[in-house]
Structure formats: structure tokens, C-alpha cells
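Please read the points below with the sequence and the model side by side.

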Amino acid sequence: EAVVDEGLVQRILTEMLVNAAETGAPATLSVRIDPLDECLVFEVSDRGPGLSDRALRHAFDPFFSEKPAGRQPGLGLARAKRLAELMQGTLTIANGRDIGAVATLSLPASAVGNSMIGNDFGASQHPEVVG
């Protein structure tokens, strides 16, 4: 049975937000319930340049980075994906429809405790602009 750990979710979301902020463009965090898949879905989208085909193929590979040498070691998304999988969730990344990139964390709703979502587990969406 899956159990969602708030600390791990926070680490994953931090990585998603840091990557979006590094584009230098505005980013949005939204949270929603997917009633079909019975998942809690966190989505971080940015208005940056998007990802190259190479970056999309290798985004979750350890030590992969298209940033200049000497910056980050390229472990953030690989680690975040593994943490999501430990909670029986998924982490995906794709280019946005028009511009930017979208990182999506989906976690099984049955494993999410009330302390994490409060008493309002409705299907509403709460966007916040970051960066």
C-alpha cells in the first residue's frame, strides 16, 4: 500500500519549482484532483523556452544537464522521479502547448493523508504564480 510522505512531496515540488524558476520566466503551480485516475496532481508550468528533444529524452537520467559545466550535478529530476516512484506516483516532464515546459507529479489519492490536503479534497484548482 502506498503512503505519501509530505517531506518527500516537498522535496519533489521544490525541484520542480527550482527548474521552472531557472528559466527566468514566470511559473505556475496548480494542484488538482484527477477523479478518473484517482490521483492528486501537482503541475508546475513555466513560460521559458521549453526543452530540447535531447533534454526531454534524458531529463531523468542521473548527471544529465544542458546547463553550463560547473553548475548543478544533474541529479535533481532523477532523484525527484525516484522519490515519486517510492510513493507509487509518477513524475513526467513535457513541453507546454505553446511555450515553456510542464512538470507533473501524480500521487495516488488513496495514499494522501488529510493532513496534507486539509478537509477540502474537492476537484478545484489553486494556481499560484512563482518566480
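1. Helices (H or I, at least four residues) and strands (E, at least two) are taken here as DSSP runs, numbered from the N terminus. On that basis the protein chain has four helices and five strands, and from the N terminus on these follow the order α-β-β-α-α-β-β-α-β.

2. A word on the source: this is a predicted model, in which local features need pLDDT of at least 70 and side-chain atom pairs count only at pLDDT 80 or more, while totals for chains, interfaces and linings use all residues. Residues are numbered from 1 along each chain as its sequence is written, and side-chain values use heavy atoms, with hydrogens and water left out.

3. How many salt bridges does the structure hold, if the term means a side-chain nitrogen of Lys or Arg within 4 Å of a carboxyl oxygen of Asp or Glu? The structure holds one, in which the side chains of Glu 85 and Arg 82 meet at 3.9 Å, N to O. Both residues belong to helix H3 (residues 76-86), and because they are three residues apart there, about one helical turn separates them. Side chains of opposite charge can pair when their charged atoms come close.

4. For burial, the cut-offs are under 20% relative accessible area for buried, over 50% for exposed, and partly exposed in between (1.4 Å probe, protein chains only). Glu 85 is partly exposed at 38%, and Arg 82 is also partly exposed, with a relative accessibility of 46%. Across the protein chain of 131 residues, buried residues make up 37%.

5. Asp 34, in strand S1 (residues 27-34), deserves a separate look. Asp 34 is buried yet has no salt bridge, and the nearest side chain of opposite charge (Lys and Arg count as positive, Asp and Glu as negative; His and the chain ends are not counted) is that of Arg 32, 4.2 Å away. The side chain of Asp 34 does reach the backbone nitrogen of Leu 36, at 3.0 Å. With contact meaning heavy atoms within 4.5 Å, and residues up to four places away in sequence not counted, Asp 34 touches Cys 39 and Val 41.

6. A nonpolar core is a set of buried Ala, Val, Leu, Ile, Met, Phe, Trp, Tyr and Cys residues joined through side-chain atoms within 4.5 Å. The largest such core has 27 residues, and those with the most contacts inside it are Val 9, Ile 12, Met 16, Leu 91 and Leu 105. Two or more residues each come from helix H1 (6-21), S1, strand S2 (39-46), H3 and strand S4 (101-108), and H1 gives the largest share, six residues. Leaving aside neighbours within four places in sequence, Leu 91 is in contact with residues including Ile 12, Met 16, Phe 60, Leu 77 and Leu 105.

7. Of the contacts in the protein chain with a separation of 6 or more, 62% are between residues 24 or more positions apart. Glu 38, in the loop between S1 and S2, is exposed at 57% relative accessible area; Glu 38 and Pro 108 lie 70 residues apart in sequence but 6.3 Å apart in space, C-alpha to C-alpha. Phe 42, in strand S2, is by contrast buried at 7% relative accessibility, and its C-alpha is 8.0 Å from that of Leu 13, 29 residues away in sequence.

Conventions: Polar contact = N/O pair within 3.5 Å; in protein donor to acceptor, adjacent residues only side chain to side chain.
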